[in-house]
Amino acid sequence: MNKINALLRRIFVPQYDELALFLMSSAFILVIITHEGLRAVAFRIVLAWQFYSLLVVVLFGLGIAFTIYHVFISREKTYREKKFMLFSAVMINGFGGVVAGEHVIGEATSLLTLIFPLWNIANGFLLLLMYRFDIIDEDIIVDDDAAPYEVVIGLCVVLMTFAISTFVFDLHPVVVFSMCVAYATNINALVKDLVSASVR
């Protein structure tokens with residue numbers, strides 16, 4: 001039974017290293033900067049001056065700041081830092097799920113514009129659910145330090161994916177964001193393993 005539980009946890013409970021968190025944060029920042037509608041929503045939340053909204057913004061901002069900070073330094077993450085980083089990861093995936101859901105319902109017209117948003121919806125929903133019921137905690141943030149070449153490669157892939165999808169293929173920002181988050185949370189780990197194997 002313990003082995004089955006461990007296997008199920010490994011399959012369904014995510015683990016994030018600092019590189020995955022950094023790339024997710026980078027994708028979120030890119031989308032907010034370049035998409036006027038999402039930027040307007042963010043400003044509206046901040047300018048509403050409601051206590052809980054501002055609290056969420058502050059906690060989320062701290063999480064983003066720590067994901068960027070830790071990818072450039074070699075220091076063990078504190079319990080509190082991991083709490084903030086987990087909160088930002090959950091919020092990014094939840095945000096992605098919500099806006100992807102709106103896009104799929106209203107505008108998706110092809111397999112490409114469906115597959116990544118649908119993945120983001122499922123991922124965001126599961127992560128929010130596990131966070132709400134304390135199935136996941138700060139322990140899913142691992143302490144592995146990202147190597148400089150991993151940061152460069154990962155950031156280049158996210159930037160190129162974002163630029164080509166946005167300015168060449170003119171894909172909807174939700175689709176672009178979903179692709180970048182999918183890379184950060186899943187594909188990046190595979191690329192990192194392949195690069196590590198070739199370096200050896």
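Reading from the N terminus, the order is simply α-α-α-α-α-α-α-α. And please keep in mind that this is a predicted model.

A few overall values before the details. The protein has 200 residues, and 40% of them are buried. The accessible surface is about 11600 Å², with 69% of that belonging to carbon and sulfur atoms. Then there are the contacts: if you take pairs at least 6 apart in sequence, 77% of those contacts join residues at least 24 apart.

So, the inside. In soluble globular proteins, nonpolar side chains tend to be buried together. Here the largest nonpolar core has 44 residues, and Tyr16, Met24 and Ile92 have the most contacts inside it. Which elements give two or more residues to this core? They are H2, H4, H5, H6, H7 and helix H8, which covers 173–199. H2 provides the largest share, 11 residues.

Have a look at Met24 on the screen. Skipping neighbours within four places in sequence, Met24 touches Tyr16, Ala89, Ile92, Asn93, Val181, Ala184 and Thr185.

Next, Tyr131, which sits in helix H6. Is Tyr131 exposed, partly exposed or buried? Its relative accessibility is 30%, so Tyr131 counts as partly exposed. Again leaving out neighbours within four places, Tyr131 is in contact with Leu86, Phe87, Val90 and Ile136. Take Leu86 from that set: Tyr131 and Leu86 are 45 residues apart in sequence, but 9.1 Å apart in space, C-alpha to C-alpha.

Now the charges. Side chains of opposite charge can pair when their charged atoms come close. How many salt bridges does the count come to? Four, and I'll walk through some of them.

One is Lys77 with Glu18, at 3.0 Å from N to O. Lys77 is in the loop between helix H4 (51–71) and helix H5 (79–106), while Glu18 is in helix H2 (residues 18–34), so this pair ties together parts that are 59 residues apart in sequence. Both Lys77 and Glu18 are buried, by the way.

Another is Asp143 with Lys82, at 3.2 Å, N to O. Asp143 comes from the loop between helix H6 (111–132) and helix H7 (148–168), and Lys82 from helix H5, so here the pair ties together parts 61 residues apart in sequence. Asp143 is partly exposed, at 31% relative accessible area, whereas Lys82, at 11%, counts as buried.

Then there's Arg75 with Glu81, where the closest N and O atoms are 2.8 Å apart. Arg75 is partly exposed because its relative accessibility is 31%. Glu81, at 8%, counts as buried.

A disulfide is a covalent bond between the sulfur atoms of two cysteines.

Which residues make the nonpolar patch of about 530 Å²? Those are Phe43, Val46, Leu47, Trp49 and Val57. Helix H3, residues 36–47, gives the most to the patch, with three residues. Phe43 is in helix H3. To count as exposed, a residue has to be over 50% relative accessible area, and Phe43 is exposed because it comes to 51%.

One last thing, on the backbone. Asp170 isn't a glycine, and yet it has a positive phi of about 55°. Where is Asp170? In the loop between H7 and H8. Asp170 is also exposed, with a relative accessible area of 64%.

That's my tour, so over to you for questions.

Methods. Residues are numbered from 1 along each chain as its sequence is written. This is a predicted model: local features need pLDDT of at least 70, side-chain atom pairs count only at pLDDT 80 or more; totals for chains, interfaces and linings use all residues. Side-chain values use heavy atoms; hydrogens and water are left out. Patches are made of residues with over 30% relative accessible area and no salt bridge: like charges are joined within 9 Å, nonpolar side chains (Val, Leu, Ile, Met, Phe, Trp, Tyr) within 5 Å. Accessible areas come from the Shrake-Rupley method with a 1.4 Å probe; for residues, only the protein chains shown count as cover. A salt bridge is a side-chain nitrogen of Lys or Arg within 4 Å of a carboxyl oxygen of Asp or Glu. Helices (H or I, at least four residues) and strands (E, at least two) are DSSP runs, numbered from the N terminus. Buried means under 20% relative accessible area, exposed over 50%, partly exposed in between (1.4 Å probe, protein chains only). Contact means heavy atoms within 4.5 Å. A nonpolar core is a set of buried Ala, Val, Leu, Ile, Met, Phe, Trp, Tyr and Cys residues joined through side-chain atoms within 4.5 Å.
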